[in-house]
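Trainee: I would like a close look at a single part of this model, with the cut-offs spelled out as they come up.

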Amino acid sequence: MNENTPFTLAELMIVAASEAWRDNGEVLASGLGIIPRLGAGLAKLTHSPELLMTDSEAFLVEDPIPVGPRGDYVPKYSGYMSFERVFECVWGGRRHAMVGPTQIDRWAQTNLSCVGDYRQPKAAMLGVRGLPGNSINHINSFFVPNHSPRVFVAGEVDMVSGVGFKPERWDDGVRRDLMDIRVAVTDLCVMDWQGPGNSARVRSLHPGVSFEEVQEKTGFPLLKAEGLGETPHPGAAQLEIIRRLDPHDLRAAQLKGNPPGIRPAA
Amino acid sequence: MNKQMTAADAVARLRDGMTVGFGGWGPRRKPMAIVREILRSSLKDLTVVAYGGPEVGMLCAAGKVKKLVFGFATLDAIPLEPWYRKIRESGSLELMELDEGMFQWGLRAAGMRLPFLPTRCGLATDVTRLNPEIRTIRSPYEDGETLLAMPALKLDAAILHVNVADRLGNTLVTGPDPYFDHLFARAAEACYVSAERVEERLQLDAAQARFNTFERYLVSGVVEAPCGAHPTSCPSDYGWDMSHFKRYVASATEPGGWQAYMEEFVQPGEAAYQDRNGGIERMAGLPLPVF
C-alpha cells in the first residue's frame, strides 16, 4: 500500500466516519449526508460486512449503492425497509445513525429544530425530525463539517432535539441505558463523550490541527483522550473504494474549498 | 357507493378550525391539487398535521394555519422549506413539534381509538418541555419505567394522494414506500383521496392488490387529479419538479412573492397550473429522484 497517496480532508473524514461502525454487529448503518453515507459504505465493504444498509429510499442492499446519478448501475435488493420499518428498527435499537445536527453541547445533546428563542427563532431549521427517538433508542454519532463554537455551543443547545448526558433532563424512572452516543467526526478532529462524567474529549486530531485550535473553536472545555494522536490517513485500498462509491466526486463539494487531508504549512 | 367528487367538493366539506392531516412525506406524494383548492378557498384557522413538505409552507404563506403539528418541514433537495421558515420565524404559529416516530404513534393511537400509546421517544428532550400537554406514565408492571404517553392525534379530516383509486374508495400506492398514509386515514373522521387515475372499479391480480394499504371504508371522497402531487413526487409515476421548487423558494424572498405565486399558479385553477408547468406530459414525465 502506498502510504503517500494524496488525499482530501473529506476522504480522511470518510475513513474516520467508517471507524464509527466498526464492531457494531448486525445493525442498520444510516449515514445521513454524503460523507457519513460513504463512511458507512466503506465500513461495510472493509471491516464490517455484517452491517445492513438501504438504498436511502425503501430497500435493503448488500452492495452499498454509489452516490449520485447511477448511469447503468442497477441496484440489487436484499430486502425491504420502508420508513415504517425504520421506526420498528429504531425502537428495537438495531441501528447506528450518523447525523449532522445544527448545534451540539457539552452534554452531547443536539439541536435540529431552530436557533434562538423557540417561539420566535432567529433561524428555523428542519425540525426535530427523528432525533428524539433515535437518540434515546440506538447508537448515534455526529458529523460536523464546520467545527466552530456556533455548532459546539457554550451553553445548552437552543432546542434539545436529541438526548444527551445532562442529568437534570432525565426524570426518575426513565431508562437511560438504551442511549449510546459514540463519536463526532468534524473537519478538525474526532471527539467522544467518554471523559469523566461523560465529558467531551478529543480522540484524534486531523493532520496539522492542534488541540489548542480545536479547543478555541469549541464552546465548552475539552479533554485529551489517552493516547491522543493523529486521525489515521486513508490507505490506497480505502481511497479506491471511496472513488468507486462516489464516482462523481460529490465528496469534493462537502467541505468549503475541498481542502487537502494534510494541511499545507501556514 | 360512488365516492367520486371534485377537489372543490372535498374542500367544501372542511370547516374553519378543523384539524387536517396531509399524507405523504416532505416533498413526496403530497395531495397538492387539493391543497391548491384549499389555498383558493376561504378556509382558515386550520390545525395542520403533517410530515411537512411544501403543503405546510404554502398553507402557512396563505395564512391558513393556526397550529402546526409536525416533526419537520423540508423539500429534501432544498433542505429548508422557505415559507414554513419565514412564518415560523415571525413567531405567529402555534406549534406541536414531535419526533417523527411519536407522530406516527399518535396517529396509530387515534386509529385504534386509544387515548395514548407509550413510547420512550421525546423523553429527556425539549419536545416534552415545550408540549406540557404531553404527559408521562409509569409502567404498571414490575419495571416501573417512566414512559411518554403519546396522545392520540385525532384528525377531523385526512387528505391523501395516491396513484390509483376507484369510485368505491379502493386505492393503490405503487411507489416503493407507502409512508404513513394508512395511519392518517385511520386517524381521521373523514378521508379525501386524490388519485392520478380513477377507475370505475379496480380488478386486480394478487401482486397488484398488495399495493392497497388501507380499506375503502375509511375513504369518504375520491378526486381524480392527474399530476395532483406536483410539484412533489409521486413514485412510481413521476418525480418532483426542481424548477418549480426553485420558483416557489424564490417567492419567499421577493416582495409580494406569495401573491405573485398565487396569481401565477393557484388562482387560475388546475388546467392553467398544468399549462404553466410545461403541460401535463412534461409533468407526468419528470424523472424520479435518485437518493
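Trainee: How many of the six residues of S10(A) are buried?

Mentor: Bear in mind that this is a predicted model, in which local features need pLDDT of at least 70 and side-chain atom pairs count only at pLDDT 80 or more, while totals for chains, interfaces and linings use all residues. Residues are numbered from 1 along each chain as its sequence is written, and chains are lettered from A, with ligands numbered from 1, in the order in which they are written.

Five of the six residues of S10(A) are buried, and the strand is mostly covered; buried here requires 20 or more other C-beta atoms within 10 Å of a residue's own, exposed 12 or fewer, and partly exposed the range in between, with C-beta atoms placed from the backbone. Strands (E, at least two residues) and helices (H or I, at least four) are DSSP runs numbered from the N terminus.

S10(A) has pairing partners to describe, where pairing asks that DSSP find at least two bridges between two strands. With S5(A), S10(A) runs parallel, and four bridges join them; within this pairing, A:His96 has A:Ile139 of S10(A) as its bridge partner. With strand S11(A), which covers residues 180–186, S10(A) also pairs in the parallel sense, here over five bridges, and A:Ile139 is bridged to A:Asp180 of S11(A).

H2(A) is largely enclosed by the rest of the structure, because eleven of its twelve residues are buried; among them are A:Ile34, A:Leu38, A:Leu42 and A:Lys44. The helix spans residues 34–45 and reaches 16 Å from its first C-alpha to its last, close to the 16 Å expected at 1.5 Å a residue, the expected span being 1.5 Å times one less than the number of residues.

Chain A also touches chain B, in a contact that takes 41 residues from chain A and 40 residues from chain B. Helix H3 (83–92) and helix H4 (131–137) of chain A each supply at least two residues of chain A's side, and the largest share of that side, five residues, comes from H3(A).

Conventions: Two residues are in contact if their C-beta atoms, placed from the backbone, lie within 7 Å.
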